[in-house]
Amino acid sequence: MNLDPSDDEAIEKASENRTATHQDSDSKPAVKKKRKQPTECFLSQPEEKQESAVKAKRRKKKKISDVLQKSAPKPGVPADLQNLLSQHFGENRSVIEIEELKLSDSCFLPANDLTHSFSSYLKEICPKWVKLRRSHKEKKSVVMLVLCSSALRSLELIKSMTAFKGDCRVIKLFAKHIKIKEQMNMLEKGMFHIGVGTPGRVKTLVEQDALCLNSTKYMILDWNWRDQKLRRMMDIPEIKKETINLLEKSIIKLCRDGSVKLGLF
């Protein structure tokens, strides 16, 4: 039986096709194995989530205003000022020097319990105010000195003490829009009963002998009030530093001598 050459070619092509089909079928599992590799993607996704969570935590870092906003307001007491002075001078002063900066309870007026307006508080701590202001005749001095954190707050306090001050003369002792020479001239030529201002400007006036504290009977710290960032005056580093310097250089000695009383409003 003779075979046609074309038949041989057909048989060879058929066998090649079977071989190719067999090879394709053998190679299919390898393709499937490659498709199973995306398991690595599932491992990388939690890591990305953890990184984003860490970034979110960093963004949500608590600020002092957040802490203060959630905490219930507590009225300041004399012990708060004592502790502040001890912490400030503790590292740089000897035990004897720190003792000289301590104030007894008799140096303090009753503190504001957060129920008073400024006028009602002043009326409570200064029952003999009318007599004091009438007897005050000295220039370059005030009977009452009020310290707060800013010029704007000073203006607010001056307005809020209207019911208390009556016809008393009040001088603004802050730097904003008022030159120090103008304040020095006013103190030298006029007579004022109450001074309201910032510790930095008051300290400068005292150092330049433009303001004498020998006639001062009351010094009020605007202790409990908070600004838009919920900071009290002693939470602001610059105000805190200037207030402590003024207390150390001028006020504490007068308090220990009994001529000045401190009040925390």
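Here is what to select, stop by stop.

This is a predicted model, where local features need pLDDT of at least 70, side-chain atom pairs count only at pLDDT 80 or more, and totals for chains, interfaces and linings use all residues. Numbering runs from 1 along each chain as its sequence is written, and side-chain values use heavy atoms, with hydrogens and water left out.

**Stop one: rings.** Searching the whole structure turns up three aromatic pairs (Phe, Tyr or Trp rings, the six-membered one for Trp, with centres within 6.5 Å; planes under 30 degrees apart are stacked, over 60 edge-to-face, the rest tilted). Select Trp129 and Phe164: their ring centres are 5.2 Å apart and the planes sit at 35 degrees, so this pair is tilted. Trp129 is buried at 3% relative accessibility, and Phe164 is buried too, at 9% (buried means under 20% relative accessible area, with a 1.4 Å probe and protein chains only). Next, pick Phe118, Tyr121 and Phe265, which form one aromatic cluster.

**Stop two: a charge on a ring.** Show Arg169 and Phe192: the charged end of Arg169 sits over the Phe192 ring, 4.4 Å from its centre (CZ of Arg or NZ of Lys within 6 Å of the ring centre and within 35 degrees of the ring normal).

**Stop three: the core.** Now select Leu81, Met219 and Leu262, the residues with the most contacts inside the largest nonpolar core, which has 38 residues (buried Ala, Val, Leu, Ile, Met, Phe, Trp, Tyr and Cys joined through side-chain atoms within 4.5 Å).

Conventions:
Buried means under 20% relative accessible area, exposed over 50%, partly exposed in between (1.4 Å probe, protein chains only).
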